[in-house]
Amino acid sequence: MTQISQQALEAAVKEYRDPYLDKDLFELNAVKSLNADDNGQVTMMVELPYPSKGIAGGLKQIVTNALEGVEGVKGADVHVGQKIHACKINKDISPVAGVKNIIAVASGKGGVGKSTTAVNLALALSAEGARVGILDADIYGPSVGMMLGVPEGKRPDVRENKYFVPMQAHGLQANSMAFVTTDKTPMAWRGPMVSGAVMQLLEQTLWDELDYLIVDMPPGTGDIQLTLAQKVPVTGAVIVTTPQDIALLDGKKGIELFRKVDIPVLGVVENMSVHICSNCGHEEPLFGHGGGERIADDYDTTLLGQLPLHMTIREQTDSGQPTVVAEPDSEVARRYRDIARRVGAELSTRERNLGGTISSVSVTEH
């Protein structure tokens, strides 16, 4: 029986480079075991540090083929999983109970599709295998509930007269001011009241062991946004913009805001990048071209992805069936999932919170 070289096995595995982090699996510390038995059968355990269900099959096939090319190997069994760690927060703020990482989705102005992006990003992270929640912090225009298909008038359960039980929608845990008010409630609140309401929703919701909590921030870069950025233990921010010059200027302000409060900007999503005609499929950059890439270059951050201006995205979101769940195999859904993997991969490079997260709050059923 030919002795299988461990060195040769490792060399074969190193042929695979992660498409998002540009490192081999050993550099990522993703190889948890790699063993060959006396019959020439190789077993390998891989654990990627970010949501990666969409590429797990390809990784498994490529590494299996590489291993089976090693002299003496009769077969290879490769298992691919993932483990998402809590990242360190660059501020002296306590983590939120039951939440590993908080990602703020923000824009310098309204009308760029921020909430649509936030909802589909949350769903894409979930589709990639993560435990995900979403908090609608856009107090003046809460729309996440409608986008997720939560029936109008449905209210979250309350425990011990203090804690909200998050709504369940398409596999997400969700909470929003819209769930505790009516659509006719005027939000004539000043900044401190808005910030207080958001913090109450954040801290008094029974989030259940989330890998990521997506926070749909209010649009703009004023006092409300600054206060929330200072009080919420945000791990990283995603900026949504469109290619228009005015939107890019406001997007830059959003990046500056997060840098001012020492929150890493994970990257930029360029929404409405190109218009796709629903009749003939013709593509045309109605709002300009290359804006997201320019702002990413200017601020040394990443262009996470470009999304088209397409009628179905709006129709599906308005109907409570966002694109990622309505058409999971569509090109647009694939783009959202690619963005989700990029966000998760970027966060995985950040320093870990070795102290762990605060456990979920335990409450007594009545």
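**Figure 1. Burial and overall make-up of the predicted chain.** Buried residues account for 52% of the 366 residues in the chain. The model shown in every view is predicted. The chain contains 11 helices and 15 strands. Of the contacts between residues at least 6 apart in sequence, 76% join residues that are at least 24 apart.

**Figure 2. The sheet of three strands.** Three strands make up an open sheet with the order S1-S2-S3 and mixed pairing. At its edges are strand S1 (31-36) and strand S3 (75-82), each of which pairs on one side only. On average, neighbouring strands in this sheet are turned by 10° against each other, direction ignored. S1 and strand S2 (residues 41-48) run antiparallel and are joined by five bridges. Ser33 has Met45 in S2 as its bridge partner.

**Figure 3. Helices lying across the sheet of three strands.** Helix H1 (residues 6-13) lies across S1 and S2, and its direction is at about 135° to S1. Helix H2 (residues 53-68) lies across S1, S2 and S3, with a direction at about 155° to S3.

**Figure 4. The sheet of eight strands.** This open sheet has mixed pairing, and its eight strands follow the order S8-S9-S5-S10-S4-S11-S12-S15. Strand S8 (167-169) and strand S15 (303-306) are the edge strands, each pairing on one side only. Neighbouring strands here are turned by 25° against each other on average, direction ignored. Strand S12 (residues 265-270) pairs with S15 in the parallel sense, over three bridges. Within this pair, Val268 has Leu303 in S15 as its bridge partner.

Figure 5. H11 lies across S4, S10, S11, S12 and S15, and runs at about 175° to S15.

**Figure 6. The packing of H3 with H11.** Two packed helices are described by the angle between their axes and the distance between the axes. For helix H3 (residues 114-127) and helix H11 (residues 331-348), the angle is about 75° and the axes are 8 Å apart. Angles of 65 to 115 degrees count as roughly perpendicular, and H3 and H11 are therefore roughly perpendicular to each other. From H3, the residues Thr116, Thr117, Asn120, Leu121, Ala124, Leu125 and Ala127 take part in the contact, and they meet Tyr336, Arg337, Ile339, Ala340 and Val343 in H11. By type, the residues of this contact are eight nonpolar, three polar and one charged.

**Figure 7. The nonpolar cores.** In soluble globular proteins, nonpolar side chains tend to be buried together. In this model, the largest nonpolar core has 40 residues. Those with the most contacts inside this core are Ile103, Leu121, Leu125, Ile134, Leu148, Ile214 and Val343. H3 supplies the largest share of the core, seven residues. A second, separate core has 37 residues, including Leu135, Met199, Val232 and Leu257.

**Figure 8. The surroundings of Leu125.** Which residues does Leu125 touch, not counting those up to four places away in sequence? They are Pro51, Ile103, Ala130, Val132, Tyr212, Ile214 and Ala340. Leu125 also belongs to the residues of H3 that meet H11.

Methods. Residues are numbered from 1 along each chain as its sequence is written. This is a predicted model: local features need pLDDT of at least 70, side-chain atom pairs count only at pLDDT 80 or more; totals for chains, interfaces and linings use all residues. Side-chain values use heavy atoms; hydrogens and water are left out. Axes are lines fitted to C-alpha atoms, for helices over the stretch in contact, and angles run from 0 to 180 degrees between N-to-C directions. Helices (H or I, at least four residues) and strands (E, at least two) are DSSP runs, numbered from the N terminus. Angles under 35 degrees count as roughly parallel, over 145 as roughly antiparallel, 65 to 115 as roughly perpendicular and the rest as oblique. Contact means heavy atoms within 4.5 Å. Ala, Val, Leu, Ile, Met, Phe, Trp, Tyr, Cys and Pro count as nonpolar, Asp, Glu, Lys and Arg as charged, and the others, Gly among them, as polar. A nonpolar core is a set of buried Ala, Val, Leu, Ile, Met, Phe, Trp, Tyr and Cys residues joined through side-chain atoms within 4.5 Å. Buried means under 20% relative accessible area, exposed over 50%, partly exposed in between (1.4 Å probe, protein chains only). Two strands pair if DSSP finds at least two bridges between them.
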